[in-house]
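Here are some notes for a colleague who is meeting this structure for the first time. Please read them with the model open beside the text.

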Amino acid sequence: MRRVYLDNNATTPLAPEVFEAMRPCFIEQFGNASSIHWFGQQAKAAIETAREQVAKLINARPNDVAFTSGGTESDNTSLFGIVEAAQPHGEYSGKHVIVSTIEHPAVLNAAQAIEKRGVKVTYARVGPDGMVDPAEVKSAIRPETVLISIMHANNELGVIQPLEEIGRVAREHDVYFHTDAVQSAGKIPVDVEKLGVDLLSLSAHKFHGPKGTGALYVRKGTNLRPLLFGGHHERDRRPGTENVAGIVGAGKAAELAQLNLDSEARRIAALRDRLEETILANVPQAFTNGDRTRRLPNTCNIRFNHVEGEGFVIAMDLKGIACSTGAACASGSVEPSHVLSAIGLNRDQARSSIRFSLGRMTTSEEIDLVLEILPAVVEHLRAVSPHYEKSRQLSVVSSQP
Ligand code: PLP
């Protein structure tokens, strides 16, 4: 069966060039980067090259980039690390942090964990378009605020947040500003200077790099405590023997992403738009969730009223097409997505929403195939839904003169 992968926000396939770059690190270049002999220095040089490649992707100084085990660790380090540095004696209460309601669980659950320890947290709301309002962030700032953490692009909707404005607000009030750029890095331009961020998380497996490797940008002079304790690796930002192969892969993936950033974004956006517009034109009661203008080029989130989302994903999977009901880590959960609830969808609407996320490997023929298969899947699921029949009868009655 021909398989089509439209779940690139969950993870992406490793680029062959990345695999080739990583291969020697498993075999001949196996040294520990802390060793002073030749083997160690080879590993160290490879890490420093990767640091330059990742730094270039986000317009940062290489020295301000620390490698981590991924987006989750980078996010946790940012929240715990800033709060702990602000309260060096371990007393958390009295400090205040602002996050948005649509953050990934790596930020939201870290925020809840520091809240349990006494930190006050404001959860900035989003509008029906999925946007955080910089004015709301501004009005939430208090003298005790130590950190604002607002994601760059949302993983479920693809909506891109007005970070430059929030960055200005943070700077005016002398508050550290972190962004989770896990979904945007490698897909759209990400520039730590333009965005005005002090900390930025990214993850290699979202842009055709390996899983289990990410990075945290930390602006020079930022007062941050490490999450882990150990040796002096990564300029004291992140101890532990470096995952050299993963880091080399992250570097190569960053280089490749940057090389074709604009042309790939245009190509993928054209495919995504064709997918979305054809669905909206041909499938009744289908609607886009979130803002359609300020969005990642690869993502669309479509609500098919009276279609049970999990059932849709399984039915599409049986036909060879992979898509998702929302965040991968929430799949299988019976609760509707917190992101879709935050933009005002009710339980049924949230549960009938599907995320399609395209990638570098997506082709026009694959989109044709999805468009061929999808309407019948929706029709079949609606045919077995008692709610759909009822709503059709109601709409027939209400449209009668
Ligand atoms: N932040 C966002 C926005 C994500 O989409 C993800 C992964 O889905 C993460 C953080 C976690 O990244 P990682 O899988 O590298 O831990």
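1. In this predicted model, a salt bridge joins the side chains of Asp 317 and Arg 3, with an N to O distance of 3.8 Å. Asp 317 belongs to helix α10 (residues 309–318), whereas Arg 3 sits in the segment before β1 (4–5), so the pair ties together parts that are 314 residues apart in sequence. Asp 317 is partly exposed, at a relative accessible area of 39%, while Arg 3 counts as exposed at 51%.

2. A salt bridge also connects the side chains of Arg 274 and Asp 368, at 2.9 Å from N to O. This pair links distant parts of the chain, since Arg 274 lies in helix α9 (residues 261–282) and Asp 368 in helix α13 (residues 364–383), 94 residues apart. Arg 274 is partly exposed, with a relative accessible area of 30%, and Asp 368 is partly exposed as well, with 38%.

3. Salt bridges that share partners bring Glu 48, Arg 51, Glu 234 and Arg 235 into one network. A search of the whole structure finds 23 salt bridges, and the mean positions of the 43 positive and 47 negative charges lie 1 Å apart.

4. As for the overall fold, the secondary structure comprises 14 helices and 12 strands. The radius of gyration is 22 Å, close to the 21 Å that the globule rule gives for 401 residues, so the protein is as compact as a globular protein of that length. Of the 401 residues, 56% count as buried, and among contacts between residues at least 6 apart in sequence, 73% join residues at least 24 apart.

Note on methods: Residues are numbered from 1 along each chain as its sequence is written. This is a predicted model: local features need pLDDT of at least 70, side-chain atom pairs count only at pLDDT 80 or more; totals for chains, interfaces and linings use all residues. Side-chain values use heavy atoms; hydrogens and water are left out. Helices (H or I, at least four residues) and strands (E, at least two) are DSSP runs, numbered from the N terminus. The radius of gyration is taken over C-alpha atoms; the globule rule is 2.2 Å times the number of residues to the power 0.38. Buried means under 20% relative accessible area, exposed over 50%, partly exposed in between (1.4 Å probe, protein chains only). Contact means heavy atoms within 4.5 Å. Lys and Arg count as positive and Asp and Glu as negative; His and the chain ends are not counted. The place of a charge is taken as NZ of Lys, CZ of Arg, CG of Asp or CD of Glu. A salt bridge is a side-chain nitrogen of Lys or Arg within 4 Å of a carboxyl oxygen of Asp or Glu.
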